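Here is a short report on ring contacts, core packing and model confidence. Please look at the structure first.

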Amino acid sequence: MDHEHLRDLFAGMPRLSIRRLFGGIGLYSDGMVFALGGADQIWIKADAQTQPLFEEAGSRPFRYQGKNRTVQLPYWSLPDKALDDPDEALKWARLGLAASLRAPRQASKAKRSRKSPPQPS
């Protein structure tokens, strides 16, 4: 995936950054991942609220074959009509960012392992 094309396509996202992630790339706005890229495909984060919009637009879910089963991640393909239309791509990117903001935060492993010892009473 060409980073320059992605920067042009998602130029309207605040503080856009592109970083390596899971053998592909992650697209971030204000430090929140809203999309994944790889294998000439862009996948936008979705949740229960936005998934029906992706389905209606003909998007496909991000699936891969795990060791014993097919795994589906909460990302859907960027609709075809948005691939070369920055205004349309921005609409979907904002939906992805909104889904990321609604997602529950997970504590990092480092934070979970640094539990404070019980305090005497």
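R19 sits over the face of Y28, 3.8 Å from the ring centre. A charge counts as over a ring if NZ of Lys or CZ of Arg is within 6 Å of the ring centre and within 35 degrees of the ring normal. This is a predicted model: local features need pLDDT of at least 70, side-chain atom pairs count only at pLDDT 80 or more, and totals for chains, interfaces and linings use all residues. Residues are numbered from 1 along each chain as its sequence is written, and side-chain values use heavy atoms, without hydrogens and water.

The count of aromatic pairs is 4. Rings of Phe, Tyr and Trp (its six-membered ring) pair if their centres lie within 6.5 Å; planes under 30 degrees apart are stacked, over 60 edge-to-face, the rest tilted. Two of them are tabulated here.

| Pair | Centre to centre | Plane angle | Class |
|---|---|---|---|
| F10 and F34 | 5.5 Å | 75° | edge-to-face |
| F62 and Y64 | 6.4 Å | 70° | edge-to-face |

F10 and F34 are both buried (under 20% relative accessible area; exposed is over 50%, partly exposed in between; 1.4 Å probe, protein chains only). Y64 has 40% relative accessibility, so it is partly exposed. W43, F62 and Y64 make one aromatic cluster.

F10 also touches L16, L27, I42 and L78, among others (contact: heavy atoms within 4.5 Å).

Mean pLDDT (the predictor's confidence per residue, 0 to 100) is 88 for the chain. Residues 108–121 stay under 50. Where pLDDT is low, predicted coordinates should not be read in detail.

Terms used: Lists of a residue's contacts leave out its neighbours within four places in sequence.
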